Amino acid sequence: MRRGAPPYLFLAALLIVAAVLLPLVYLILRTADAGGSAWDLLSEARTLQILARSALLAAAVVGTATVIAVPIAWLTVRTDLPLQRVWSVLTALPLVVPSYVGGFAFVSALGPRGLLQQVLERPFGVERLPEIYGFLGAWLCLTLFTFPYILLSVRAALWGMDGAQEEASRSLGHGAGRTFFRVTLPQLRPAIAAGGLLVALYTLSDFGAVTLLQFNSFTRVIYLQYEASFDRILASVLALMLVAFTLLILIVEQRGRGKAKYHSTAATRRLPLVRLGRWKWPALAFLTLVVLASLGLPASVLLYWLAQGLANNVEVDFLGSAMTNAVYASALAALLAVVAAIPVTVLAVRHSGRFSRFLETASYAGFAMPGIVVALSLVFLGANYAPVLYQTLAMLVFAYSVLYLSMAVGSVRASLLQVNPAVEEAARSLGRGSLQVLATVTLPLVRPGIVVAFAMVFLTAMKELPATLLLAPIGFRTLATEMWSATSSGFYAKAAIPALLLVGVSAIPVAILLRREQRGDAAVQS
């Protein structure tokens, strides 16, 4: 018999979703207060130029990331490429490099008077390299550090693809190339779209790389407007416009996905690996080039500046407090996000209905709001209505939780769906109340999902930059802000140490992803 949702569960989920939507609602109200001037700002040529530049950057990054990721995925899954697993790991590792660390590496190595020009100047007389700032630098940088989103998605699709369709194409006389473009590639469309969506959202929300490379996308202009102007209406208008554009992309992606089915109803069949033959060497050259640009460049730059810093006795006493602050704030945010995710998820899964589904969908609102938008909203809200909370740790932790609640909801939901509701019904039949069942039966059973949710939110919050810059208490420094401050001041040797620590921490979730993928590979192959 289907039970109604307990009032405490419904009330808790409602309050959590209201808190998540608070920054967005406040942004809308503040923009509405501007009246006609807001519409004037929206229709200004400068505003439309920012929109066009951001859209062009997102489209360019998605396009080139797809061109890089799809061949790599095919080479590492469907061919007899030498050292296949090594290449699989190396090409996924750029995910561990935060975009602002990548931007730092680009500026340090390829910027004016950068490391590359210093190397080329004396033997070859090169006095000036092509300009790295602007669209070109932002495009290259974001492409090199986001293509693994598409790569991992396409690799997973290739592992699950039924080889019988390719076999049928070959039996009809079609060659390898025609089979790939007519049979394989269309089946990869959902995976490419899913990965491309992540790349597009990442590009639109990125703050660090575009700022270091001086490209005026939405996030950089919003930050500059907030920092430089006392009238911050334009900042709120642009922030709301960025949210609307992000939502538009999500809607277009969902509509484009449609109801098309790409799965096979029969058992999947693996095909033998494609033999590369003489194409092995061009393939290895392509992979080497991608790995050198996306991993070799940032690693060599960071290690160079680390050596410079150690040789010049650069002060590192800030690292202890920066690491402690980052871990403390991120752990609190992860705990809050997991606690908030539980009632939302239990309500949506165990008491499914139109309103509970709405609450679950609304809890993903933070996913559509870039960090700088949430931070800006909370700055306005705190300064005007909650000065006690303004620039406090509580406000910072709340911002992290709003941004990453969707991660926690997704992980807990996946775990809860695997729990048989009959187990909870049995506990109720023994006289336990709904709260007792939740605490003693449901939560222990979904513990794996809770642990993954905590880890993902914790590690993502460690890297968060714009919200930390705008909302952190005065004197509260983290690894991300220390690295950002040193880079902005030109102290590259001082920036390298926190950057390396961040990369090391970021490697943990990627290692978990690769471990899971390898287990999936083994399961498919067995």
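Pro190 is partly exposed, with a relative accessible area of 32% (buried means under 20%, exposed over 50% and partly exposed in between, with a 1.4 Å probe and protein chains only). This proline is found in helix H10, residues 189–205 (helices are DSSP runs of H or I with at least four residues, strands are runs of E with at least two, and both are numbered from the N terminus). A distance of 32 Å separates the C-alpha atoms of Pro190 and Gly504, which lie 314 residues apart along the chain. The model is predicted; local features need pLDDT of at least 70, side-chain atom pairs count only at pLDDT 80 or more, and totals for chains, interfaces and linings use all residues. Residues are numbered from 1 along each chain as its sequence is written, and side-chain values use heavy atoms, with hydrogens and water left out.

The protein contains 25 helices and zero strands. Its radius of gyration is 25 Å, close to the 24 Å that the globule rule gives for 526 residues, so the protein is as compact as a globular protein of that length (the radius is taken over C-alpha atoms, and the rule is 2.2 Å times the number of residues to the power 0.38). Along the principal axes, the C-alpha atoms fill a box of roughly 80 × 70 × 50 Å. Of the 526 residues, 50% are buried. Among contacts between residues at least 6 apart in sequence, 83% join residues at least 24 apart, a contact being heavy atoms within 4.5 Å.

In the largest nonpolar core, which has 163 residues, Tyr100, Phe104 and Val154 touch the most other members (such a core is a set of buried Ala, Val, Leu, Ile, Met, Phe, Trp, Tyr and Cys residues joined through side-chain atoms within 4.5 Å). Helix H15 (residues 318–350) gives the most to this core, with 16 residues. Beyond its neighbours within four places in sequence, Tyr100 has contacts that include Gly208, Leu212, Lys463, Met483 and Trp484.

The structure holds five salt bridges, each defined by a side-chain nitrogen of Lys or Arg within 4 Å of a carboxyl oxygen of Asp or Glu. One of them joins Glu424 and Arg350 at 2.6 Å, N to O. This pair links distant parts of the chain, with Glu424 in helix H20 (residues 421–429) and Arg350 in helix H15, 74 residues apart. Both Glu424 and Arg350 are buried. A salt bridge is also formed by the side chains of Arg413 and Glu360, at 2.5 Å, N to O. Arg413 lies in helix H19 (residues 393–416) and Glu360 in helix H16, so this pair ties together parts that are 53 residues apart in sequence. Arg413 is partly exposed at 27% relative accessible area, whereas Glu360 is buried at 10%.

Helix H1 (7–33) and helix H16 (354–362) each supply at least two residues of the patch.
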